[in-house]
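Hello,

Here is the structure I promised to send over. Have a look at it first, and then read on for what turned up in it.

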Amino acid sequence: MSIRIDSHKCIGCGKCREVCPGSLLLATDSGQTDISEPKDCWGCTSCLKECNYNAIQYYLGADMGGRGSTLYTRQEGQLMHWVVTAPNGSEKTITIDTKQANAY
Ligand code: SF4
Ligand code: SF4
C-alpha cells in the first residue's frame, strides 16, 4: 500500500507534509513534495485528504480488491469526494458529508 505524487500536479503547498504521521513526505529542491520511503507508508490517507490538486494517488492493492485501481480525494465545502479510478480509466465517486461522518 502506498502513494505516488504527480510532480506535474503538485504545487508545493506543503499541506500533506504537515500531516504524515510517519514524516515520510519531504520537500524536494524545487519545493514540491515526494515520498521518501514508499514501502513505509501504511496508507492512513491523511495526505490524500489534504491535497486539493489531485496530485496524490493512493494505490488500492489486491488485498483491498483494488487490482490496480487508484484513489484520490476532492473537497467541496463540507463534502469529501473519494474518487476511485479503475485501470480502464472509469471512475466511481463516494461522497461523505464530513459534518455527518460520526453518524456512521
Ligand atoms: S498537498 Fe498536494 S499540492 Fe500540496 S504539497 Fe502535497 S502533493 Fe503537493
Ligand atoms: S498515506 Fe499516511 S503514511 Fe502514507 S504518506 Fe500519506 S500521510 Fe504518510
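About 90 Å³ of space lies in the second largest cavity. Its lining is made up of 14 residues, and those closest to the centre are Cys10, Cys13, Cys16, Cys51 and Ala55. Sorted by class, the lining of this second largest cavity comes out as nine nonpolar, three polar and two charged residues. Please keep in mind as you read that this is a predicted model.

What sits in the second largest cavity? Ligand 1 does. Around ligand 1 you will find Cys10, Ile11, Gly12, Cys13, Gly14, Cys16, Thr33, Cys51, Tyr53, Ala55 and Ile56. That shell around ligand 1 holds eight nonpolar and three polar residues, with no charged ones. The lining of the second largest cavity, by contrast, does include two charged residues.

In total, the structure holds two cavities of 30 Å³ or more. The largest cavity contains about 110 Å³ of space, and that space is taken by ligand 2. There are 14 residues in the lining of the largest cavity, with Cys20, Cys41, Gly43, Cys44 and Cys47 nearest its centre. By class, this lining has 11 nonpolar residues, three polar ones and no charged ones.

Which residues surround ligand 2? They are Ile3, Cys20, Pro21, Ile35, Cys41, Trp42, Gly43, Cys44, Thr45, Ser46 and Cys47. Of these, eight are nonpolar and three are polar, and none is charged.

**The sheet**

Now for the strands. Five of them make an open sheet in the order β1-β4-β5-β6-β7, with antiparallel pairing. At the edges are β1 (3-5) and β7 (91-97), each of which pairs on one side only. From one strand to the next, the twist averages 30°. As a reminder, strands of a sheet pair through backbone hydrogen bonds, either parallel or antiparallel.

Going through the sheet pair by pair:

- β4 (residues 56-60) and β5 are antiparallel and joined by three bridges. Here Leu60 stands opposite Ser69 of β5.
- β5 (residues 69-76) and β6 (residues 79-85) are antiparallel too, with seven bridges between them. Tyr72 has Val83 in β6 as its bridge partner, and Leu71 has Val84 in β6.
- β6 and β7 are likewise antiparallel and joined by seven bridges. One of the contacts to look for is Thr85, whose bridge partner in β7 is Glu91.

How many residues lie between the strands in the two hairpins? In the hairpin of β5 and β6 there are two, and Gly77 takes a positive phi near 60° there. In the hairpin of β6 and β7 there are five, and Gly89 takes a positive phi near 95°.

One link between the two parts of this email is worth a look. Ile3, among the residues around ligand 2, falls in the edge strand β1 (3-5).

Best wishes

Note on methods. Residues are numbered from 1 along each chain as its sequence is written. Chains are lettered from A and ligands numbered from 1 in the order in which they are written. This is a predicted model: local features need pLDDT of at least 70, side-chain atom pairs count only at pLDDT 80 or more; totals for chains, interfaces and linings use all residues. Side-chain values use heavy atoms; hydrogens and water are left out. A residue is near a molecule or strand if one of its heavy atoms lies within 4 Å of it. On a 1 Å grid over the protein atoms alone, a cavity is a set of points where a 1.4 Å probe fits but cannot get out, and a pocket is an open set with protein on both sides within 12 Å along at least five of seven lines; lining residues have an atom within 4 Å of a point. A molecule sits in a cavity or pocket if more than half of its atoms lie within 2 Å of its grid points. Ala, Val, Leu, Ile, Met, Phe, Trp, Tyr, Cys and Pro count as nonpolar, Asp, Glu, Lys and Arg as charged, and the others, Gly among them, as polar. Two strands pair if DSSP finds at least two bridges between them. Helices (H or I, at least four residues) and strands (E, at least two) are DSSP runs, numbered from the N terminus. Axes are lines fitted to C-alpha atoms, for helices over the stretch in contact, and angles run from 0 to 180 degrees between N-to-C directions. Grid points are joined across faces, edges and corners, and a volume is the space filled by probe spheres set on the points.
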